[in-house]
There are 2 protein chains.
Amino acid sequence: MKKSEASRRRILDAAAKMFRDKGYAATTLNDIARLARMRAASIYYHFESKDSLFAEVMDIGIDRIHDQVRRAVAALPDGASHRRKVHTAIETHLATLLKHSDYTAANIINFGLAPAPIRRRHRGRREAYGDYWRELLGAAQAAGAIRPGVDLSLFRLFVIGALNWSQEWYRPKGKSIAELADDVTAMVFDGVAGEG
Amino acid sequence: MKKSEASRRRILDAAAKMFRDKGYAATTLNDIARLARMRAASIYYHFESKDSLFAEVMDIGIDRIHDQVRRAVAALPDGASHRRKVHTAIETHLATLLKHSDYTAANIINFGLAPAPIRRRHRGRREAYGDYWRELLGAAQAAGAIRPGVDLSLFRLFVIGALNWSQEWYRPKGKSIAELADDVTAMVFDGVAGEG
DNA sequence: ATTTCTAACGAACAGTAGTTAGAAAAATGG
DNA sequence: CCATTTTTCTAACTACTGTTCGTTAGAAAT
């Protein structure tokens, strides 16, 4: 009862990588099977269908980033400023997306184009992560770390959107993820305007 | 010599819409043909292949937004501030993407997952648009409208990324595009930080 | 009136997709 | 070592993909 677990994991890992690289529709079960060192038909011993395999990858992806971000913020010392909390959330979101998890990357790349039923099935999990950010930013605004006039809903969509889009341009040879997180946090909190 | 043009256009419009809704790989020539009120085989009278049809949609998409943004900024009165120029660029980018052009929306949705040869073919056009923004922001920084320390390259990627991502959440019933542009511009120029 | 061109069609092609069935191999446990 | 279960395989199926082909109805040109 151990080999099955390992194979399942190999398939999931391969699927996450392929879905991330080529997207759901363009990824074939043969692609996944090759990467997992088995035949396409064998996948059916572990998963019901391509759809259900995809759904599981998507679930893991969102759960993972939600978990990581929540955990990292919670691990901050008790007196941590709200700005620092947001900074940590940004950095962890970026790190999970760009470095640690093919699942999360696959989730974010594929969500927009995913077939409607799958997207519906996932809305709950997505919103849970969104709600966490809502809390985080709400608390920051209540404490005065974010100006009262700011539309938090837009701010959240804007920042998370910019972070998610980083998949399109991020290359490991440039700025480190920590540096990116620093710059981005400074940019959105302090703005870029000069004296002009 | 007029009917052909009209059919070609109908196919392109249908393709742009389908590619935007379902993505390149998931869109079938049958989908496109149905929307264009003809049979899949007839598409081949006007286009060489699915790939070349896709390539043309992508070209039109990037050209259109580049053109619109450039035109809108150029149309500003002579003494317009750099901040106002950037604001106009943001608003026009958003409007083209979200309201005016299925082609642009299709381009942005599909670029990341597009097959490598097609992406290569497009890098030039994409960079041309990126270069325009580079100019715009460079001039703003040189004139002091953007603080000297700001990493313009990151700022550009960050802002355009956030704008592009708006496709995932924008719904016409919420804030208008003009309002969004106002808020976003204020956010990135002035920041959201409170007294804290 | 005849020929040529235009724009679309239906039928069919080869290839590949996801999927199923059943045989073969590997692993397990007594 | 055998019997049984677990895992993977080969082979095949159906459905559908992008694409080609030969044909056709009508318009334009001769």
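Start with the surface near DNA strand D: by class, that surface has 6 nonpolar, 8 polar and 3 charged residues. Here Ala, Val, Leu, Ile, Met, Phe, Trp, Tyr, Cys and Pro count as nonpolar, Asp, Glu, Lys and Arg as charged, and the others, Gly among them, as polar. Before I go on, this is a predicted model, in which local features need pLDDT of at least 70 and side-chain atom pairs count only at pLDDT 80 or more, while totals for chains, interfaces and linings use all residues. Residues are numbered from 1 along each chain as its sequence is written, chains are lettered from A and ligands numbered from 1 in the order in which they are written, and side-chain values use heavy atoms, with hydrogens and water left out.

The residues around DNA strand D number 17, and the closest are A:Ser4, A:Ser7, A:Tyr45, A:His46 and B:Tyr44. A residue is near a strand if one of its heavy atoms lies within 4 Å of it. Of the atoms of DNA strand D that come within 4 Å of the protein, 71% belong to sugar and phosphate.

Which elements supply at least two residues each to this surface? They are helix H1 (3-22) and helix H3 (43-46) of chain A, together with helix H2 (29-35) of chain B. H1(A) gives the most, with 3 residues. Helices are DSSP runs of H or I with at least four residues, strands are runs of E with at least two, and both are numbered from the N terminus.

Now some polar contacts, meaning pairs of N or O atoms within 3.5 Å; within protein, one must be able to donate a hydrogen and the other to accept it, and residues adjacent in sequence count only if both atoms are side-chain atoms. A backbone N or O atom of A:Ser4 is 3.1 Å from a phosphate oxygen of DNA strand D. A:Ser42 uses a polar side-chain atom, 2.8 Å from a phosphate oxygen of DNA strand D.

Next, DNA strand C. Sugar and phosphate make up 76% of the atoms of DNA strand C that come within 4 Å of the protein. A phosphate oxygen of DNA strand C is 3.0 Å from an N or O atom in the side chain of A:Thr28, and one is 2.9 Å from a polar backbone atom of A:Leu29. For A:Tyr44, an N or O atom in the side chain is 2.3 Å from a phosphate oxygen of DNA strand C. H1 and helix H3 (43-46) of chain B give two or more residues to this surface, and H1(B) gives the most, with 3. By class, the surface near DNA strand C has 6 nonpolar, 7 polar and 3 charged residues.

On to the contact between the chains. The size of an interface is often given as the accessible area lost when the parts come together.

Last, the chain itself. Chain A has 9 helices and 0 strands, so defined by the DSSP runs above. Along its principal axes, the C-alpha trace of chain A spans about 65 × 35 × 35 Å.
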